[in-house]
Amino acid sequence: MTARSLYPHRHLLGMEGLDAVAATSLLDAAESFFDVSRRAVRKVPTLRGRTVINLFYEASTRTRTSFELAGKRLSADVINISASTSSAVKGETLLDTVKNLEAMQPDVLVIRHPASGAPHFVAARTRAAVINAGDGTHEHPTQALLDAFTIRRAKGKIAGLTVAICGDVLHSRVARSNVHLLRTLGAKVRFAGPLTLMPPDAAALGAEVFSRIEPALEGADVVMMLRVQNERMSGTFLPSTREYSRTFGLNAARLALARPDAIVMHPGPMNRGVEIDPAIADGARSVILDQVEAGVAVRMAVLWRLAAEAHEAPPA
Ligand code: NCD
């Protein structure tokens with residue numbers, strides 16, 4: 001089996017519809033890239049001569065930096081463009097921007113955009129491989145992969161685990177990508193949050209839906225907290241931040257409802273004291289910074305899979 005036949009896709013646009021073989025092949029490749037970032041010389045020649053463009057139309061710290069580091073640690077040439085300093089501010093359309101970048105022969109375009117579906121629109125119109133780095137409230141596939149990678153390392157498996165995803169599910173592309181991937185890999189997924197922040201199709205996505213956090217935490221192996229995404233809210237979804245943290249924030253008393261060995265995750269950026277008590281975020285059960293470290297390895301794996309020649313193997 002070659003790497004290409006395990007992941008027979010040209011792009012990475014979402015976790016919906018990706019099968020367990022393809023997803024697992026990316027997690028396994030990430031495993032082989034993980035150690036590169038812990039070596040004294042954090043670089044392998046795998047993507048020498050390839051070009052990766054990061055095109056970000058939304059704010060980002062972790063995702064943009066880790067895509068850049070992932071590309072550089074694979075020896076690719078990496079260019080970063082943020083919309084606020086690009087010709088987008090002069091009125092250039094997304095398609096024109098992409099066509100102009102394409103004329104410079106990139107191998108991979110990594111796109112973050114506030115409009116759900118923007119990376120799919122681009123993928124249908126470019127020769128480059130496209131990676132969705134977060135599109136609106138739709139999907140964030142590399143986040144789901146790094147979350148699965150972190151869970152697999154901490155728990156030794158994913159199948160059979162119960163994962164509680166709590167908070168602003170409605171606006172969360174992280175929750176959407178995670179429910180697809182975790183269910184594909186055999187986990188049970190629970191969504192918990194105020195019903196004003198729950199997507200109407202939550203149950204159809206295959207999650208068990210809770211309007212209170214306590215029953216969702218009971219017996220959970222993994223507790224994933226989500227940020228309250230105020231920037232995506234156009235109306236009033238919550239009575240107040242204080243009320244939200246009192247009823248839905250993760251604190252020690254609530255975490256005690258989960259399994260004694262449960263891990264705590266958060267995709268970042270955190271609203272400390274809102275969805276998560278700082279003592280929990282920084283506590284012994286937190287794997288939040290492990291998620292960040294995993295992000296580099298997972299993005300190396302994805303860039304490698306989409307940009308390397310079919311015969312190239314990951315580093316030993
Ligand atoms: C998330 C995002 O942008 O979707 N952050 C991330 O990429 N790690 C979650 C968020 O913004 O709350």
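1. S75 is found in the loop between α3 and β2 (77-82), where helices (H or I, at least four residues) and strands (E, at least two) are DSSP runs numbered from the N terminus. The phi angle of S75 is near 70°, a positive value in a residue other than glycine.

2. This is a predicted model, in which local features need pLDDT of at least 70 and side-chain atom pairs count only at pLDDT 80 or more, whereas totals for chains, interfaces and linings use all residues. Residues are numbered from 1 along each chain as its sequence is written, and side-chain values use heavy atoms, with hydrogens and water left out.

3. A cis peptide bond, with omega about -5°, joins G268 and P269. P269 lies in the loop between β9 (263-265) and α11 (278-281), and both G268 and P269 are among the residues around the ligand.

4. The shell around the ligand (residues with a heavy atom within 4 Å of it) also includes R62, T63, R112, H140, Q143, R173, V174, R227, Q229 and P267. Helices α3 (62-73) and α7 (173-184) each supply at least two residues of this shell. By class, the shell divides into 3 nonpolar, 5 polar and 4 charged residues, with Ala, Val, Leu, Ile, Met, Phe, Trp, Tyr, Cys and Pro counted as nonpolar, Asp, Glu, Lys and Arg as charged, and the others, Gly among them, as polar.

5. For polar contacts (pairs of N or O atoms within 3.5 Å), an oxygen atom of the ligand is 2.7 Å from an N or O atom in the side chain of R227, and a nitrogen atom of the ligand is 3.2 Å from one in the side chain of Q143. A polar backbone atom of P267 is 2.9 Å from a nitrogen atom of the ligand. Taken alone the ligand exposes 320 Å², of which the protein buries 94%, by the Shrake-Rupley method with a 1.4 Å probe.

6. A search of the whole structure finds 3 aromatic pairs, defined by ring centres within 6.5 Å, with planes under 30 degrees apart counted as stacked, over 60 as edge-to-face and the rest as tilted. In one of them, the rings of F34 and F149 have centres 5.8 Å apart and planes at 35°, so the pair is tilted. This pair links distant parts of the chain, since F34 belongs to helix α2 (residues 20-34) and F149 to helix α6 (residues 141-155), 115 residues apart.

Technical notes: Polar contact = N/O pair within 3.5 Å; in protein donor to acceptor, adjacent residues only side chain to side chain. Phe/Tyr/Trp six-rings, centres within 6.5 Å; stacked < 30°, edge-to-face > 60°.
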